Amino acid sequence: MRTHPLISQAKEKMEKSIEAIKNELNHLRTGRPSASLLEEIKADYYGTPTPISQLSTISVSESRTLVIKPWDRNMIGVIEKAIQASDLGINPVNDGTVVRLVFPSPTTEQRKHLSKRAKSMVEEGKVAVRNVRREIMKEIKEKKENGEIPEDDAKSLEDELQKVTNEYVEKLDGVYSEKEREIMEF
């Protein structure tokens, strides 16, 4: 059976909402370091603000350390300053060849706070998914009133749209569960 274009449109928009939330959650600092934490930090590369990931190799060493190895050794101090100026809250250690970021284990209270922030982000994602449903539902009703879609077809489209919405809300719950597990592990 071919999926109706309105349902395909809804799925596409809902998928984008989930991807946006996943991206936001990747920037949420947990106890485990990730190169994605540095995506928004830019260093001055000869007058051009450039993401650190485009100036260096970033790897996770041990369990709580990010190692940044610039391709141009002259950039090491600039990268260090950019990290210090960011809101990352980690003091970089420069040994002359690499910059190390050692992430301390968050306290139980910090973990609970991070979990609440993650939950809030996921709730925003659910609102976005429901807004897509409302927008497509409105389109279905308009097409039904204009005679473009028969009433029976409109009803089955509405039912299918609700199923798709429920599916994406469940996906967001899964995204939150995964992030919460990551936050709470020691």
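Does Pro33 count as buried or exposed, and at what relative accessibility?

Modeller: This is a predicted model. Pro33 counts as buried, because its relative accessibility is 5% and the cut-off for buried is under 20%. Its place is in the loop between H1 and S1. Leaving aside residues up to four places away in sequence, Pro33 touches Val60, Ser63, Arg64, Thr65, Leu66 and Phe103. Leu101 is 68 residues from Pro33 along the chain, and the C-alpha atoms of these two residues are separated by 8.6 Å.

Take the strand end to begin with. Strand S1 covers 42-45 and strand S2 covers 48-51, and Tyr46 is found in the loop between them. Tyr46 is exposed, because its relative accessible area is 58% and the cut-off for exposed is over 50%. Its backbone also deserves a remark. Most residues other than glycine have a negative phi. In Tyr46, phi is near 50 degrees, a positive value in a residue other than glycine.

Now the helix end. Helix H1 is made of residues 5-26, and it packs with helix H3, residues 108-145. Two packed helices are described by the angle between their axes and the distance between the axes. For H1 and H3 the angle is about 165 degrees and the axes are 9 Å apart. Angles over 145 degrees count as roughly antiparallel, and H1 and H3 are therefore roughly antiparallel to each other. H1 passes H3 in a right-handed crossing. By class, the contact of H1 with H3 has 13 nonpolar, 3 polar and 7 charged residues.

Val132 lies in helix H3, and it counts as buried, because its relative accessibility is 7%. Not counting residues up to four places away in sequence, Val132 touches Ala10, Lys13 and Met14. Val132 and Gln9 are 123 residues apart in sequence, and the distance between their C-alpha atoms is 9.2 Å.

H1 also meets H4. The axes of these two helices come within 10 Å and cross at roughly 15 degrees. That makes H1 roughly parallel to H4, because angles under 35 degrees count as roughly parallel. The crossing of H1 and H4 is right-handed. Residues of H1 that meet H4 include Ile7, Ala10, Met14, Ile18 and Leu25. On the H4 side, the residues include Leu157, Leu161, Val164, Leu172 and Lys179. By class, the contact of H1 with H4 has 12 nonpolar, 2 polar and 6 charged residues.

Lys179 lies in helix H4. Lys179 is buried, because its relative accessible area is 6%. A polar atom of the Lys179 side chain lies 2.9 Å from the backbone oxygen of Leu25, and Leu25 is in H1.

What remains is the packing of H3 with helix H4, residues 151-184. Their axes are 10 Å apart, at an angle of about 170 degrees. H3 and H4 are therefore roughly antiparallel to each other. The residues of this contact divide into 16 nonpolar, 4 polar and 13 charged.

Terms used:
Residues are numbered from 1 along each chain as its sequence is written. This is a predicted model: local features need pLDDT of at least 70, side-chain atom pairs count only at pLDDT 80 or more; totals for chains, interfaces and linings use all residues. Side-chain values use heavy atoms; hydrogens and water are left out. Axes are lines fitted to C-alpha atoms, for helices over the stretch in contact, and angles run from 0 to 180 degrees between N-to-C directions. Helices (H or I, at least four residues) and strands (E, at least two) are DSSP runs, numbered from the N terminus. Angles under 35 degrees count as roughly parallel, over 145 as roughly antiparallel, 65 to 115 as roughly perpendicular and the rest as oblique. A crossing is left-handed if the near helix is turned anticlockwise from the far one by less than a right angle, and right-handed if clockwise. Ala, Val, Leu, Ile, Met, Phe, Trp, Tyr, Cys and Pro count as nonpolar, Asp, Glu, Lys and Arg as charged, and the others, Gly among them, as polar. Buried means under 20% relative accessible area, exposed over 50%, partly exposed in between (1.4 Å probe, protein chains only). A polar contact is a pair of N or O atoms within 3.5 Å; within protein, one must be able to donate a hydrogen and the other to accept it, and residues adjacent in sequence count only if both atoms are side-chain atoms. Contact means heavy atoms within 4.5 Å.
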